[in-house]
Amino acid sequence: MTAGTLETTTVTKVAGRIGAVVDGVRLSGDLDAATVQAIRDALHEHKVIFFRGQEHLTDEAQLEFTRLLGDPVGHPTVNLEGEYVLPITSEYGGSASQWHTDVTFVPAYPLASILRGITIPEAGGDTLWANTAAAYDELTPELKELANNLRGVHTNVYDYAAVAPTRDPEAFKRYQEVFTKVHYETEHPLVRVNPVTGERTLVLGNFLQRIAGYSRDDSRLLIDLLQGHVTRPENTVRWSWQPGDVAIWDNRATQHRAIADFGDALRVLHRTTVDGDVPVGVDGRPSTAIKPVPAEVAQAA
């Protein structure tokens, strides 16, 4: 396998609406600009792209590649300052077995995530991705108009990657203390406009707790209605991991979840993320931070 050139790179769709395998690229921080652009283009088109046979990657090399796609950013509460690699491990609740978009409880949530398979169970442990642009496109005109005018409140009140309490209550408690040491809350438009492609995508997932201006019960009905379109089988792709696999997804246009069907087997993947931009809704209004209070607001008070 070469370091990666346009001549050696092929892109093959995995599912009808989302997902493609990229062959002929050996991921590293030394890829040429044309190949990096081809990866970006494939990501915009297919939303999640997969690379087999990347066993040569270390955490450092994965981070160097991540920098080619943008500025790396650590998890706001789990990573220490300057740490950019986040282990997703079943020992500490890495099943992530609910549909989510990464870190939507902050205003400028990640643009993209890169996940590398380290230790993979013999059976099970697949990951699903869903295309939130395709989900928006299939809405009726009336539902689109409704969604265009809604804003949702996202928070880190619980962790999508936390251990289920029934499995290891103490580990769950420790992880929750770390994950919620700072309480984040952000209001996002329910429909954001991608600044590169112009696509409209639904901003949902399990960090979304309520719809601004609606009661708890009405919020849940609206969320369930729209989320049901996102996770329709036609809008999803399923990936069976092998050690050395790398998945990159457009975090502005997807949701994902792991399938926790691997019992007590160990499952370890390492994630890096690319810093994102503040979403802008159809009406031109950006996302706004609610908690913690933005510094400029605190100073004005």
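**Before the views: what "buried" means here.** A residue counts as buried when its relative accessible area is under 20%, and as exposed when that area is over 50%. Valine 103, at 5% relative accessibility, therefore goes down as buried. Keep in mind that this is a predicted model.

**View 1. The whole chain, for orientation.** The chain holds seven helices and 16 strands. Of its 301 residues, 52% are buried. Take the contacts with a separation of 6 or more: 82% of them come from residues 24 or more positions apart.

**View 2. A seven-stranded open sheet.** Reading across, the strand order is S1-S2-S3-S13-S5-S15-S4, with mixed pairing. S1 and S4 sit at the edges with a single partner strand each, so one side of each has no neighbour in the sheet. On average, neighbouring strands here are turned by 25° against each other, direction ignored.

**View 3. The S1–S2 hairpin.** S1 (residues 10–13) and S2 (residues 20–23) run antiparallel and are joined by four bridges. Lysine 13 has alanine 20 of S2 as its bridge partner. Six residues lie between the two strands of this hairpin, and glycine 19 in the turn shows a positive phi of about 100°.

**View 4. From S2 over H1 to S3.** S2, helix H1 (residues 33–46) and S3 build a right-handed β-α-β unit. The two strands, S2 and S3 (residues 48–51), pair in the parallel sense over two bridges. Alanine 20 turns up again here, this time with isoleucine 49 in S3 as its bridge partner. H1 itself lies across S1, S2, S3, S5 and S13, and runs at about 130° to S3.

**View 5. On to S13, with H2 packed on the sheet.** S3 pairs with S13 (residues 246–250) in the antiparallel sense, over four bridges. Isoleucine 49 stands opposite isoleucine 248 in S13. Helix H2 (residues 59–69) packs on the sheet as well, touching S5, S13 and S15 (268–274). The direction of H2 makes about 30° with that of S15.

**View 6. Helix H4 and its two faces.** In H4 (residues 141–148), the buried residues are Leu143, Ala147 and Asn148. Looking down the axis of H4, these buried residues fall within an arc of 135°, so they line one face of the helix. An α-helix has 3.6 residues a turn, so residues three or four places apart point the same way. Exposed Pro141 and Glu142 are on the face of H4 turned away from its buried side. Among the elements covering the buried residues of H4 are helix H3 (132–137), strand S9 (191–193), strand S10 (200–202) and helix H6 (216–230).

View 7. Most residues other than glycine have a negative phi, and most peptide bonds are trans. Lysine 47, in the loop between H1 and S3, has a positive phi near 75°. Lysine 47 is also buried, at a relative accessible area of 2%. Valine 103, in the loop between S4 (86–89) and S5 (112–119), has a positive phi of about 60° without being a glycine. Then there's the peptide bond from lysine 291 to proline 292, which is cis with omega near -15°. Proline 292 belongs to the loop between S16 (288–291) and helix H7 (295–300).

Conventions: Residues numbered from 1 in each chain as written. Predicted model: local features only at pLDDT ≥ 70, side-chain atom pairs only at ≥ 80, totals over all residues. Heavy atoms only, no water. Pairing = 2+ DSSP bridges. Right-handed = clockwise from strand over helix to strand, strands pointing away. Buried < 20%, exposed > 50% of the residue type's maximum accessible area, 1.4 Å probe, protein only. Arc of directions from axis to C-beta. Contact = heavy atoms within 4.5 Å. Axes fitted to C-alpha atoms, helices over the stretch in contact; angles between N-to-C directions.
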